[in-house]
Amino acid sequence: MRFPHDFLFGAASAAYQVEGAWNEDGKGLSNWDVFSKIPGKTFEGTNGDVAVDHYHRYKEDIKLMAEMGLESYRFSISWPRIIPDGKGVINEKGIEFYNNVINECLKYGIVPFVTLYHWDMPQVLEEQGGWTNKATIDAFLKYATTCFERFGDRVKHWITFNETIVFCSLGYLAGAHPPGIKNDIKKYFQATHNVFTAHAKVVDQYKKMKQYGEIGITHVFSPAFSVDDKEENKIAAYHANQYGIAWYYDPILKGKYPEYVLKILKEKGYIPDWTEEELKIIESSASKNDFIGLNYYQPQRVVINKDQVNPTYKNREDATGAPGNISFDGFYKTVKMDDKRYTKWGWEISPEAFKDGLKMLKQEYGDIKIYITENGLGDEDPIIDGEIVDVPRIKYIEEHLKVLKDAISDGMNIKGYYAWSAIDLLSWLNGFKKQYGFIYVDHNDNLKRKKKLSFYWYKKVIEERGESI
Ligand SMILES: C[C@@]1(C(=O)O)OC[C@H]2O[C@@H](O)[C@H](O)[C@@H](O)[C@H]2O1
């Protein structure tokens, strides 16, 4: 069986991780331009000043994507490249750059799939409270509307936010991402609510503009499973899914927050500062979402936590999702299991959990259109006789595509797969040592691009529409 004709085979990137040109052509400072330069925050002080220079090499990169037969390229727009201070004058050079990227994609028949916010907020707004400041909501609405006005004639697939749980939890609980605040649970939940309000307003605005494309949001999809049949551990898994999935997916797809979490927040005094109007726009825009984007890498294996709750001062490595951490509220902890497979960064490799998780989503949210907006293997790719022989990545992606093929056969409404990542790029905290791409970037030879084994493999998969998977 082949993947359906309307299924998109894609690959993804993010502005801060690929573009570089951090201070060129009128771009304003982003929170990551500043945060990444604080000593100790990133591996060996790596940052996105140059990244892999996609800003200057996008034509070469998109040509390679076309050679791979890529049907769609998911990339993000840098807000401070469009509106340097986040809320004022539009930077026409920034508009020009993304028009060029979009037009280059269309030249090859590659569908542009655009993320409006992939973590790089204008520094001016971050300094004013970022997502904890409600003024950021309308600044984001203005930025999104500008993008719809300037690119919406050719871009018909929009993602508002990438992985809200990551930039909010690492920003306000772990302190590993901007603004680097540790253990502020009230600010964490406030930031998530303001993001959901911004999302709802932008969806509403997009529909009013009648551009007849589609819009949604991308969330982390990391379903939690108990390590055994003990009641306390099953309760831990339920709690983890309420905080990690329901809190994020319910307001988007059901238009309301999950009662289980609200009850606890009320008891602890963490209910966000919200207005009836905000709750109404979240409710009224829910039905206008066209899809949900899932970033699946791994499940969570959880047990009830009986240890002393340590503040969530994650260090750089464990802030990148490896198991072995206590939840910020101390309720559960994630664990490694002897019978599971893991990446070099300790992330579990489990297509089986992907399949089980997708079934959970369908039961909870029905037939909402799904794109897998990220999935891939972070690895230190083997180089043999000058060739990048990334067989583990081929195996990883093949196993997960097989799950999707079966899920679609079982009637799930899954319309695309975006491998993370199209090209090796800067990992926010891990520098360049953690590779995800089909295209290798040689940091010892002027960022020269080189096709990996997986480039040729994915090309064949796309040609055959996955028939041999
Ligand atoms: C933490 C980490 C990683 O480096 O492995 O998770 C997977 C992937 O998620 C993406 O949304 C991030 O933009 C990208 O940088 C990656 O980030």
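Colleague: What makes the pairing of the side chains of Y297 and E374 a polar contact?

Modeller: The side chains of Y297 and E374 are joined at 2.6 Å, and a polar contact is a pair of N or O atoms within 3.5 Å, where within protein one atom must be able to donate a hydrogen and the other to accept it, and residues adjacent in sequence count only if both atoms are side-chain atoms. This is a predicted model, in which local features need pLDDT of at least 70 and side-chain atom pairs count only at pLDDT 80 or more, while totals for chains, interfaces and linings use all residues. Residues are numbered from 1 along each chain as its sequence is written, and side-chain values use heavy atoms, with hydrogens and water left out.

Colleague: Why is Y297 called buried?

Modeller: Y297 has 9% relative accessibility, and buried means under 20% relative accessible area, with exposed over 50% and partly exposed in between (1.4 Å probe, protein chains only), so Y297 counts as buried. W420, at 5%, is buried as well, and so is T343, at 15%.

Colleague: How do you know which residues Y297 and W420 touch?

Modeller: Contact means heavy atoms within 4.5 Å. Not counting residues up to four places away in sequence, Y297 touches, among them, E163, F221, W347, E374 and W420; with the corresponding neighbours left aside, W420 is in contact with residues including Q17, H118, Y297 and E374.

Colleague: Which residues does UniProt list for "binding site"?

Modeller: The unreviewed UniProt entry lists Q17, H118, N162, Y297 and W420; its positions are given in the numbering used here, feature names are shortened, and annotations may be inferred rather than shown by experiment.

Colleague: Where in the fold are Y297 and W420 placed?

Modeller: Y297 is in the loop between β7 (291-295) and β8 (300-304), whereas W420 is found in strand β15 (residues 414-420); helices (H or I, at least four residues) and strands (E, at least two) are DSSP runs, numbered from the N terminus.

Colleague: What makes β4 and β5 a pair of strands?

Modeller: Two strands pair if DSSP finds at least two bridges between them, and 4 bridges join β4 (residues 157-162) to β5 (residues 214-220), which run parallel. Both strands are in the closed barrel of 8 strands, β1-β2-β3-β4-β5-β7-β12-β15, with parallel pairing.
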